Amino acid sequence: MSCAEELELSPRPRSFAAAAYAAVRDSGCRVAAPSGSTGHKDPPAEERRRQVGTCDVYLGLIGREYGSQVVDLPSRSYLELEYAAAQKAGLHRIVFVRTLETESIDGRQQAFRERARQDGLCGWFVDDEELHRLARIALEGWRSRSPKRAARKRARQDPPGIGPACDANGLKDWAPEIASGISDAIGWP
């Protein structure tokens, strides 16, 4: 699971990141490569790419802040690096973007949010309950449909992992009933 520190710290009493972690747990998955922000030593870019590549699916939360810059690649945040690594690895990406009303957004973050939107993301969230519900539904859909996940699990003989976010078009392709079930909730056309 991947998110910037702002989503790990707010809102209170349950942060957006805590809601997403609960959705991962409630869907029967586990977090294999957590973001490297709060309390973690930030690894170099290649190590983080490798971590993402060991995952079965990418769950990303995009908020207002760009996030911590990669130690040896300061032009990128860890969130953006992990997103790109998941895309390059061919992972299903499940991405949720926090709806913002009047807050200003850094130009880099605005560009990243727009790129994720153009890639076809799963949805927008306003509060922790909505995020939890949508992420759980998307992950359960992924778990029930992913032949790659089953093959990787057999090959590794360990539980499935959730990486540092499944694009909407991919979700529609491999889980049409899940996609239609959440399209009203997240505003898919």
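Is Glu-8 buried or exposed? In this predicted model, Glu-8 is buried, because its relative accessible area is 15%, and residues count as buried when that value is under 20%. The residue belongs to helix 1, which covers residues 5-9, and its C-alpha atom is separated by 9.5 Å from that of Ala-19, a residue 11 positions away along the chain.

Among the helices, one pair can be followed in detail. Helix 3, formed by residues 45-53, packs with helix 4, formed by residues 78-88, at an angle of about 50°, and the axes of the two helices are 9 Å apart. Helix 3 and helix 4 are therefore oblique to each other, and their crossing is right-handed. On the side of helix 3, the contact is made by Ala-45, Arg-48, Arg-49 and Val-52, while helix 4 contributes Tyr-78, Leu-81, Glu-82, Ala-85 and Ala-86. Sorted by class, the residues in this contact between helix 3 and helix 4 comprise 6 nonpolar and 3 charged ones, with no polar residues.

Technical notes
Residues numbered from 1 in each chain as written. Predicted model: local features only at pLDDT ≥ 70, side-chain atom pairs only at ≥ 80, totals over all residues. Heavy atoms only, no water. Axes fitted to C-alpha atoms, helices over the stretch in contact; angles between N-to-C directions. Helix = DSSP H or I, 4+ residues; strand = E, 2+ residues; numbered from the N terminus. Parallel < 35°, antiparallel > 145°, perpendicular 65-115°, else oblique. Left-handed = near helix turned anticlockwise from the far one by under 90°. Contact = heavy atoms within 4.5 Å. Nonpolar A, V, L, I, M, F, W, Y, C, P; charged D, E, K, R; others polar. Buried < 20%, exposed > 50% of the residue type's maximum accessible area, 1.4 Å probe, protein only.
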